[in-house]
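Thank you all for coming; I would like to walk you through one structure today, and I will take it slowly for those who have not seen it before. Please have a look at the sequence and the model first.

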Amino acid sequence: MKVLITGAGGFLGRALTRLLIARGDAVIAFDTALGVLAAEFAEDERFVPCPGDITDMANVAQAMLTYRPVAVIHCAAIVGVASSLGSPTLVMRVNVEGSLNVMEAMRLAGTPRLLHISSEEVYGPFLADVIDETHPLDPIMPYGISKAAVERLGRTYRALHGIEVIHLRTSWVFGTELPRNRIPKNLLDAAIAGVPLHLSCGAQTAIDHTYIDDFACGALQALDLPRHPYDVYNLSSGRSATLTEIIGHIRELIPQADLSVGPGAYRFNDQVEAVRKGALDIGRARETFGFNPAFDIRAGLHAYIDAKRARP
Ligand SMILES: NC(=O)c1ccc[n+]([C@@H]2O[C@H](COP(=O)([O-])OP(=O)(O)OC[C@H]3O[C@@H](n4cnc5c(N)ncnc54)[C@H](O)[C@@H]3O)[C@@H](O)[C@H]2O)c1
C-alpha cells in the first residue's frame, strides 16, 4: 500500500511512518521539515521524502498527482490549544485552508480515502466524565474550532466528491518524541533527570492520555478497514487520570521523583485554563476495527521511562 502522510516529520506522523514501513508499505512523507525521519530512512526505497507546504495548493496537488497514493493520513497542523492562542490566523490558514488543499488535491487525483487526525478539542467542555462521538461539538479555542471545521468540510467532500474522509478524534497523546512541554512528559522528564517540578495547578483535572504506540496501532487499524460505517471515531486510552494520580504513578516508578501539583483546573503554560475534560468512550473504534489499547496510564508512563532511558 502507498500512503501519503502529511506532517510525516511530526510526533504522530513519525510513529505512523515507522509502523507502515516496518510492515512493508510505502510512505510518501509530506512535510515542511522531515527532521530525523529523512536520515532514519535515507537508505529505504519505501520512504519517499516529499518536502512541501499544505498551504501551497501547487505543492499538495503535485505530490498527490505524482505519487497517487491509495490513502492519505493527514497529520500536518499547527497543534495544541496553547499555540493556537498566539496565532489564530496561522492556525486557520494551516489547519483549515491546508486541509482543504489536501482534500481538493485528492479530488483532482482521485485519491479515495483520507484519515484526518482530529482532536478531542472539537468537543469543547465535556458534559460528562466519559463521552462518545455523539457528544455535542462546542469548541471554544481556535485549535478545536479549526479541527471541527475540517470535520465538517470532510463531510462535504464525502457527500459531493465521494472521498471517504474519516476523522480520528484522539486525546492527549504522549511519548518521548512529543515536541511540546506538556503533562505528563514534563513530569516524566523531570523525574528521570532527577530535578524537581512543581505545577501550580491542575491536581483534580482528569484527562485521557494515550500512549503513542496505541494511537499508531489504532490509526493503522482504521486505515486497513475496507469500509467504514462511521466517519468519526474516538481513539484514546478510553480512561482518564487526574494529575494527582499520574504523579502517584510516577513516584511509584521513580521513587526519588520530586513532583507536586497545586489545586484547581489545569492551565496551559500556566495561563489558559483547560475546559472540563474526561475520558473518551472508545467503544465504536473497538467494535468497528478492533481497537484495543494496550497501555493504561501506568503502563504508558512505564513505557515512556523505558524508552527515554534507552535513548536519552
Ligand atoms: N499529539 C497530540 O496529543 C494530538 C492530540 C490530538 C490531535 N492531534 C493531531 O495530530 C496531528 C499531528 O500532531 P503531532 O502531535 O504529530 O504534531 P507535530 O507538531 O509534532 O507535527 C505536525 C507536523 O506538521 C508539520 N506541518 C505544520 N505546518 C505544515 C504545513 N503548512 N505544511 C506541511 N507540514 C506542516 C510540522 O512540520 C510537523 O512535522 C495534528 O493534526 C494534531 O492536531 C495531536
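In what order do the 7 strands of the open sheet stand, and is their pairing parallel or antiparallel? Before I answer, please keep in mind that this is a predicted model, in which local features need pLDDT of at least 70 and side-chain atom pairs count only at pLDDT 80 or more, while totals for chains, interfaces and linings use all residues. Residues are numbered from 1 along each chain as its sequence is written, and side-chain values use heavy atoms, with hydrogens and water left out.

The order is β3-β2-β1-β4-β5-β7-β12, and the pairing is parallel; strands here are DSSP runs of E with at least two residues, helices are runs of H or I with at least four, both numbered from the N terminus, and two strands pair if DSSP finds at least two bridges between them. At the edges stand β3 (47-51) and β12 (232-235), each with a single partner strand, so one side of each is left without a neighbour in the sheet.

Within the sheet, β4 (residues 71-74) and β5 (residues 113-119) pair in the parallel sense over 4 bridges, and A71 stands opposite R113 in β5. Helix α8 (residues 212-224) packs on the sheet, where it touches β1 (2-6), β4, β5, β7 (164-170) and β12, contact meaning heavy atoms within 4.5 Å.

Turning to a helix pair, the contact between α7 and α11 is made by K185, L188, D189 and I192 of α7 and by L301, Y304, I305 and K308 of α11.

Terms used:
Axes fitted to C-alpha atoms, helices over the stretch in contact; angles between N-to-C directions.
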